[in-house]
Amino acid sequence: MENEKDTVISIQNISFKYDDQESYALRDVSFSVKEGEWVAIVGHNGSGKSTLAKILNGLQFPESGKVIVGNHELNGDTIWDVRRQVGMVFQNPDNQFVGSTVQDDVAFGLENNGVPFSEMKKRVQNALERVSMGEFLDQEPHHLSGGQKQRVAIAGVVALQPRVIILDEATSMLDPLGREEVLNTIRLLKEEQDLTVISITHDLEEAAKADRMIVMNRGEIYKEGSPDDIFQLDRELIDLGLDLPFSIKMAQTLRQKGFTLPEKYLSDAELVEELWTLHFEK
């Protein structure tokens, strides 16, 4: 029997309220994330997901409750220990660049952490190759496409060798091709390194790639489960301000027209494959 995975992050009954707001941004939120798991936290604007992302990386501290990362409870004394284990990729890649070239940018965090030059050089090259950007070492970041910029930002995090990567709306400013590039990169890294991934997003097509989804609403956990479980909510997700993936809408329409399709979430590619199979069965 396969060994139980270790818990990497444990969120225990955390609540948080901004000084200028009357209502709580987070209220009694609890969940845990296992090593090597991809968890997508979804919700509309104001659901609490972005506040949760800030707390996970120590940009905010909960008013009550505990955040435990590895063996460290998050507080003012452990903040840098936590940040060494958790890397964050933000929404706008342009706001993350500090180096004049791609390799300078990836090296920046390593320099700040006192990594020796010989080790730094290896890590920079390795990280860029892992995100298929090894040929762009001397490129100026502003010459890159949106997807390429975000992959460089991911390389900067990967070079630091964290246990967890948080994607905070990291694909929301990208076109469909750039979004697919970034998500495929994350999936590959997760499989190669048993990396733990937490994606904060309002995009259910992105969330569908995760192992588990947590739906936030008004600062609380509304529902959690596998993508198949969550997409069974159907109309409830729309009522929460979330847009169903195109493949789900299309599958629903096809079922209404008499097509026999599995009652589960199908990606675009899986839906095409099912239709192709049905065509040849006739």
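My entries below go through the sheets, the helices packed on them, and the domain boundary.

**Entry 1: what I am looking at.** I note at the start that this is a predicted model. I looked up the domain division and found domain 1 at 7-244 and domain 2 at 245-281.

Entry 2: I traced an open sheet of six strands and wrote down its order as 6-7-8-3-9-10, with mixed pairing. At its edges I found strand 6 (86-89) and strand 10 (220-225), each of which pairs on one side only. From one strand to the next, I get an average twist of 20°.

I then checked the end of the sheet where strand 9 (residues 212-217) runs antiparallel to strand 10, with five bridges between them. As one example, I picked M216 and found I221 of strand 10 as its bridge partner.

Entry 3: I followed helix 1 (residues 49-56) across strand 3 (38-42), strand 6, strand 7 (164-168) and strand 8 (196-201), and its angle to strand 8 is about 145°. Helix 6 (residues 176-193) also packs on this sheet, where I see it touching strand 3, strand 7 and strand 8. Its direction makes about 140° with that of strand 3.

Entry 4: I found another open sheet, of four strands in the order 2-1-4-5, with antiparallel pairing. Strand 2 (26-34) and strand 5 (72-73) are its edges; each has a single partner strand, so one side of each has no neighbour in the sheet.

Inside it, I counted five bridges in the antiparallel pairing of strand 1 (residues 7-16) with strand 4 (residues 64-69). Here Q12 has K66 of strand 4 as its bridge partner. Helix 1 turns up again: it packs on this sheet and touches strand 1, strand 2 and strand 4, with its direction at about 125° to that of strand 1.

**Entry 5: where the domains meet.** What separates the centres of domain 1 and domain 2? I get 31 Å, taken over C-alpha atoms. For contacts, I find nine residues of domain 1 against eight residues of domain 2. The area buried between the two is about 780 Å², and carbon and sulfur atoms give 55% of it.

I looked for polar links next and found four residue pairs in polar contact between the domains, along with one salt bridge. On the domain 1 side, helix 7 (204-207) and helix 8 (227-231) each give two or more residues to the part that touches domain 2. I also noted a salt bridge between the side chains of D243 and K249, at 2.9 Å from N to O.

Conventions:
Residues are numbered from 1 along each chain as its sequence is written. This is a predicted model: local features need pLDDT of at least 70, side-chain atom pairs count only at pLDDT 80 or more; totals for chains, interfaces and linings use all residues. Side-chain values use heavy atoms; hydrogens and water are left out. Two strands pair if DSSP finds at least two bridges between them. Axes are lines fitted to C-alpha atoms, for helices over the stretch in contact, and angles run from 0 to 180 degrees between N-to-C directions. Contact means heavy atoms within 4.5 Å. Domain bounds come from an automatic or database domain assignment. Buried area is the accessible area (1.4 Å probe) that two parts lose on being put together, summed over both. A salt bridge is a side-chain nitrogen of Lys or Arg within 4 Å of a carboxyl oxygen of Asp or Glu. A polar contact is a pair of N or O atoms within 3.5 Å; within protein, one must be able to donate a hydrogen and the other to accept it, and residues adjacent in sequence count only if both atoms are side-chain atoms.
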